[in-house]
Amino acid sequence: MNQLRTTTTKTVLSLLTALAAFAVAQTSDAGASYPSSAYCNWNTDGSGACSGTLAAFRASSDPNAYAAFFSNSAYSSVEGQLNGRFFYCVASPSQVPVVQTLASATPTAFFTVWFNTTGSCTNLQVYSLSQFL
Amino acid sequence: MSAARTSIAALAAAACVALGFGLVVAPMRAQDARIDALLRELSASRAQQERATVDTETSRSPVVVRSGGLDARDLDAIAARIVALDHAEAKTDALVAAEAKAPTPAQLAARSDVQHQVDAMIARGHARREDVHAIGSEMESDPEGRTELARQLAVAINTGKLVPDDPPAMHP
């Protein structure tokens, strides 16, 4: 009888310890947090702009959506697809460091690219936001 | 006797006033003088910091941090610097472009040949990876030509005239 009581007590204590450890292990996130969405706008002349994070393009409802930052020995470019349409622009020499930064940035780095009617990126920016972590 | 009492009372009152002045008013004045001196010192220090900030920031950023807020002159100065930086960036790109060597006859011939292939590809409306790779191989030794080709593909893609089979089909 005593042995049964000891075993029950041990079990209850083990469960309580596990519960306490679980409660301590829980962390609470604070600060602003919201998901980024992928966005593109094309004008009728072929110019336009796209923005978002790689994670947002990946999470898009468009199963073919993607964004990419490309560099080879000749040029650097930004490209992608959203809602069935592609975008693609070639970076100017002064924008190449930004493309390289984006290529090595985290999936949550927010970027915006504007492209003109000649296929050039007219502006390119990268923005790291805690809200997208 | 009464006059003597009055005189003593007056003297006592005067002594109290003098004591009060010495204990309260004089230290307050001395404190005011010290505060004035500190404010002058602070003002001089701020002016020096602002000059240093302007000197440091002028060459690399359009934004000047000032402790006293921005006025119309500051905004004009910032706008002028942004224009100057834009011009400097455009000039850098133009210099890089100008430094590119003139294409050789072989490169010109390759560009002409490739142009036909690109036109055909755009007419087809479809960019296949093998086509773009072939074009890239033909222009391997012509980075400027490849860059220009990438721009042509970009224009066709952005206007919806050309659909790449997959991402690598975008890069000659």
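How many helices and strands does chain B have? Chain B has 5 helices and 2 strands. Before going further, keep in mind that what you're looking at is a predicted model. If you start at the N terminus of chain B and walk along, the elements come in the order α-α-α-β-α-α-β. Chain B has 172 residues, and 22% of them count as buried.

Now turn to the partner. Chain A contains 3 helices and 7 strands, and from its N terminus they run α-β-β-α-β-β-β-α-β-β. Chain A has 133 residues, with 38% of them counted as buried. For contacts in chain A with a separation of 6 or more, residues 24 or more positions apart account for 49%.

Let's pick one spot in chain A and zoom in. Gln95(A) sits in the loop between E5 and helix H3 (96–103) of chain A. Is Gln95(A) buried or exposed? Its relative accessible area is 7%, so Gln95(A) is buried. Who is around it? Setting aside neighbours within four places in sequence, Gln95(A) is in contact with Val90(A), Cys121(A), Thr122(A), Asn123(A) and Leu124(A).

Next, see how the two chains meet. On one side, 21 residues of chain B are in contact with 26 residues of chain A. The size of an interface is often given as the accessible area lost when the parts come together. Here, the area buried between chain B and chain A is about 1900 Å², and carbon and sulfur atoms give 60% of that. In chain B, the residues that lose the most area to chain A are Arg151(B), Asn158(B) and His171(B), together 33% of what that side buries.

Which elements of chain B give two or more residues to the side that touches chain A? They are helix H2 (72–99), helix H5 (143–158) and strand E2 (163–164) of chain B. The largest share, 10 residues, comes from H5(B). Sort the touching residues of chain B by kind, and you get 12 nonpolar, 5 polar and 4 charged. What about pairings across the boundary? The rule finds 0 salt bridges between chain B and chain A, but it does find 8 residue pairs in polar contact.

The side chains of Arg151(B) and Glu148(B) meet in a salt bridge (3.6 Å, N to O). Because they are 3 residues apart in helix H5 of chain B, these two are separated by about one helical turn. An α-helix has 3.6 residues a turn, so residues three or four places apart point the same way. Glu148(B) is partly exposed, with a relative accessible area of 40%.

Over all chains, a search of the whole structure finds 5 salt bridges. One of them joins the side chains of Arg128(B) and Asp131(B), at 2.9 Å, N to O. With 34% relative accessibility, Arg128(B) counts as partly exposed, while Asp131(B), at 18%, counts as buried. Another salt bridge brings together the side chains of Asp166(B) and Arg129(B) (2.6 Å, N to O). Asp166(B) lies in the segment after E2 of chain B and Arg129(B) in helix H4 of chain B, so this pair ties together parts that are 37 residues apart in sequence. Arg129(B) counts as partly exposed, at 37% relative accessibility.

How values were computed:
Residues are numbered from 1 along each chain as its sequence is written. Chains are lettered from A and ligands numbered from 1 in the order in which they are written. This is a predicted model: local features need pLDDT of at least 70, side-chain atom pairs count only at pLDDT 80 or more; totals for chains, interfaces and linings use all residues. Side-chain values use heavy atoms; hydrogens and water are left out. Contact means heavy atoms within 4.5 Å. Buried area is the accessible area (1.4 Å probe) that two parts lose on being put together, summed over both. A salt bridge is a side-chain nitrogen of Lys or Arg within 4 Å of a carboxyl oxygen of Asp or Glu. A polar contact is a pair of N or O atoms within 3.5 Å; within protein, one must be able to donate a hydrogen and the other to accept it, and residues adjacent in sequence count only if both atoms are side-chain atoms. Helices (H or I, at least four residues) and strands (E, at least two) are DSSP runs, numbered from the N terminus. Ala, Val, Leu, Ile, Met, Phe, Trp, Tyr, Cys and Pro count as nonpolar, Asp, Glu, Lys and Arg as charged, and the others, Gly among them, as polar. Buried means under 20% relative accessible area, exposed over 50%, partly exposed in between (1.4 Å probe, protein chains only).
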